[in-house]
Amino acid sequence: VYAAADKLARILRITPTYAPVWSRLSWLALQMNSPERSVQMAKRSNSFAYSDAKLQLLNWSFIRDASEVLNDEESYNHANQKIETLKAF
């Protein structure tokens, strides 16, 4: 897991706006029990994935899952709303 995160970080040094890498880092953060970091990475990914609804949907699912771990009901509900909106496209 750490080796993967290191490789992804190297990619970001070359291409810092590459949304799929930020998304993968969000997933890795969830796997490593770092929900706050997962939310940060997913939001960063979404900031670069404005034209990729599928990736945004994935990122919002990470945010929802992390919010559940954090017992953040407001963020959890917000993420669910975003997911439902993106599913409509």
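Me: Is Ala9 to be classed as buried, exposed or partly exposed, and why?

Reply: Relative accessibility decides the class: buried means under 20%, exposed over 50%, and partly exposed in between. This is a predicted model. Ala9 has 29% relative accessibility and is therefore partly exposed. The residue belongs to helix α1, which spans residues 2-14.

Me: How many residues of sequence, and what distance in space, lie between Ala9 and Glu74?

Reply: Sequence separation and spatial distance are read separately. From C-alpha to C-alpha, Ala9 and Glu74 are 30 Å apart, with a separation of 65 residues in sequence.

Me: Which pattern does the protein follow along the sequence?

Reply: The order of elements reads α-α-α-α-α; the protein has five helices and zero strands.

Me: Why does the radius of gyration of the protein agree with that of a compact globule?

Reply: The radius is judged against the value for a compact globule with the given number of residues. Along the principal axes, the C-alpha atoms fill a box of roughly 35 × 30 × 15 Å.

Me: What percentage of the residues count as buried, and what share of the accessible surface belongs to carbon and sulfur atoms?

Reply: Of the 89 residues, 35% count as buried. The accessible surface is about 5,800 Å², and carbon and sulfur atoms contribute 51% of that area.

Me: How far apart are the mean positions of the positive and negative charges?

Reply: The protein has 11 positive and 9 negative charges, and their mean positions are 12 Å apart.

Terms used. Residues are numbered from 1 along each chain as its sequence is written. This is a predicted model: local features need pLDDT of at least 70, side-chain atom pairs count only at pLDDT 80 or more; totals for chains, interfaces and linings use all residues. Side-chain values use heavy atoms; hydrogens and water are left out. Helices (H or I, at least four residues) and strands (E, at least two) are DSSP runs, numbered from the N terminus. Buried means under 20% relative accessible area, exposed over 50%, partly exposed in between (1.4 Å probe, protein chains only). The radius of gyration is taken over C-alpha atoms; the globule rule is 2.2 Å times the number of residues to the power 0.38. Accessible areas come from the Shrake-Rupley method with a 1.4 Å probe; for residues, only the protein chains shown count as cover. Lys and Arg count as positive and Asp and Glu as negative; His and the chain ends are not counted. The place of a charge is taken as NZ of Lys, CZ of Arg, CG of Asp or CD of Glu.
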